[in-house]
Amino acid sequence: MKNLILFLCVLYTGVTFSQNKQFITLEQAIEIAQKKSPDYKALLNQNQSSYWRYRNYKAGFLPQLRLDATLPQYANSVQRLTNDSGQDIFVRSNQSRIDGTLSLNQNIAFTGGTLSFSSQLERVDIFGDNNATRFSVVPFSINYNQNSLLFNEFKWDKKIEPLIYEESKRQFIESMEEISLNTARRYFALLKAQMQTKIALANLSNQDTLFQISKGRFKIGKIAENDLLQMELSVLNSKNTVTTNEIDLKRSSQNLARYLELNTENLVLNIPKELTTFTVTVEKALEEAKSNRKAVIEFRRKRLEAEKRVAEVKGSNRLRLGLSANFGISQQGDVFNDLFQNYNQQQNLQVTLSIPLLDWGVSKSRRKLAEADKDLIYNNVDQDEQEFEQEIYLHTLNWQNQRNFLKTAKKAKEIATKRYEITKKRFVLGKITITDLNLALTEKDRSVLQYLNSLEKFWIDYYTLRRLTLYDFIKNKKIEVEDITYD
């Protein structure tokens, strides 16, 4: 039996060393995850979408030069026309048309309209018995168009879009800290699996040694058969524990290795050390969170979007006013060179008005609905702000006590380990029963795992504190990442 256990230990060790081992610390694992993990790749795609949305918004207020052309349009068909007498007649049309318009457009944020400067050239070729070519030119034309004089969408966009972009940048930093949390959870899952496997193998070896001793004592009548059977049962249970822990170890190794995209699953982890002592007050945590977190920008953005919706409904619900104006020069003729002289002026002005005279309360209901939605959003945001502050408050208080919990767990582990060693020696000397030994063993194993659980909670709470405040309390500075540009 002892040879079998030694073989298992050698086999376990041999498998470990036969593969490419990779030593890795918690800080190294987090650094790798923030560059290679699936969460980071998804975050890059999300951030890229926000980046190009903001670029599109900024470009919308820059001059836009565009060319619109028809190259060419040909039609040979019979069309129905109404003549001067009011009669419908059918006329065959056989002609081609080529035209082009070069325009410079500029959105005006102050007014909410679009100003454009354009030039247009058109050529029409008529085929058939009366072949002819005609030209039309508009060398210069100024156009202004505004859909609504009572609602300026550009003004609201200049308030909201920068907030959305700033929100996305802060979200990127928060997501990077979330990656740290996910990595820490996977790291400690593997660390605990490795420790449990190590403990199970050691316990199996110790249980077998004690079983051999118990068999000798049973032969000389120093212990009862019940104690011998209980010891043998302990050996069998230890074997099952080793098998279970090795399966869990394999699963945890795969989870961490795949998350970090490592070439090997044979990872050797270090037990993270405690951080240097630093104090975090609730006031400081709330101050940094309100200065750095995405949620603060999100609250402001949601209120503005609700106000925009109300302004839009009010601006177009009862009275709709639109404006369109044009001023320019034009010329038409059969000779191209004669087009650029004796220009004709062209100008027009159009103001549109729309008033619902009888809508059975539709306009009022739309306005009331928009105002009710705004009040609901305001209430929800107020509640979210309270939960935001409460979360930081409670976590900060919890963090202040977490280091004490860790010290207590560490001391309990040391005491339980020492007690088990003393108990094992006393059992070998025949001074205590197998029940007392198993109890000490159980307490020792539990204290080791409780220490690892407490250490895990300590680091999880630390990275949670960083995510909630986006502030590094060890270095006393705001957490920042380099801006990523996309070509």
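In the predicted model, helix α2 passes helix α4 in a right-handed crossing. Helix α2 spans residues 26-36 and helix α4 residues 153-219. Their axes come within 9 Å and cross at roughly 130°. Angles over 145 degrees would count as roughly antiparallel, and 65 to 115 as roughly perpendicular; α2 and α4 are therefore oblique to each other. On the α2 side, the contact is made by L26, A29, I30, A33 and Q34. These residues meet M176, I179, S180, T183, A184, Y187 and F188 of α4. The contact comprises 9 nonpolar and 3 polar residues, with no charged ones.

Aromatic pairs were searched for across the whole structure, and 17 were found. Y74 and F127 form one of tilted geometry. Their ring centres lie 6.2 Å apart, with 55° between the planes. Y74 belongs to strand β2 (residues 64-82), whereas F127 sits in the loop between β4 (113-126) and β5 (132-146). The pair therefore ties together parts that are 53 residues apart in sequence. Y74 has 51% relative accessibility and so counts as exposed. F127, at 39%, counts as partly exposed.

F458 and W459 form an edge-to-face pair. Here the centre-to-centre distance is 6.0 Å and the planes stand at 85°. F458 counts as buried because its relative accessibility is 0%. W459 also counts as buried, at 2%. Both residues belong to one aromatic cluster, together with F278, W399, Y462 and Y463.

Conventions: Residues are numbered from 1 along each chain as its sequence is written. This is a predicted model: local features need pLDDT of at least 70, side-chain atom pairs count only at pLDDT 80 or more; totals for chains, interfaces and linings use all residues. Side-chain values use heavy atoms; hydrogens and water are left out. Axes are lines fitted to C-alpha atoms, for helices over the stretch in contact, and angles run from 0 to 180 degrees between N-to-C directions. Helices (H or I, at least four residues) and strands (E, at least two) are DSSP runs, numbered from the N terminus. Angles under 35 degrees count as roughly parallel, over 145 as roughly antiparallel, 65 to 115 as roughly perpendicular and the rest as oblique. A crossing is left-handed if the near helix is turned anticlockwise from the far one by less than a right angle, and right-handed if clockwise. Contact means heavy atoms within 4.5 Å. Ala, Val, Leu, Ile, Met, Phe, Trp, Tyr, Cys and Pro count as nonpolar, Asp, Glu, Lys and Arg as charged, and the others, Gly among them, as polar. Rings of Phe, Tyr and Trp (its six-membered ring) pair if their centres lie within 6.5 Å; planes under 30 degrees apart count as stacked, over 60 as edge-to-face and the rest as tilted. Buried means under 20% relative accessible area, exposed over 50%, partly exposed in between (1.4 Å probe, protein chains only).
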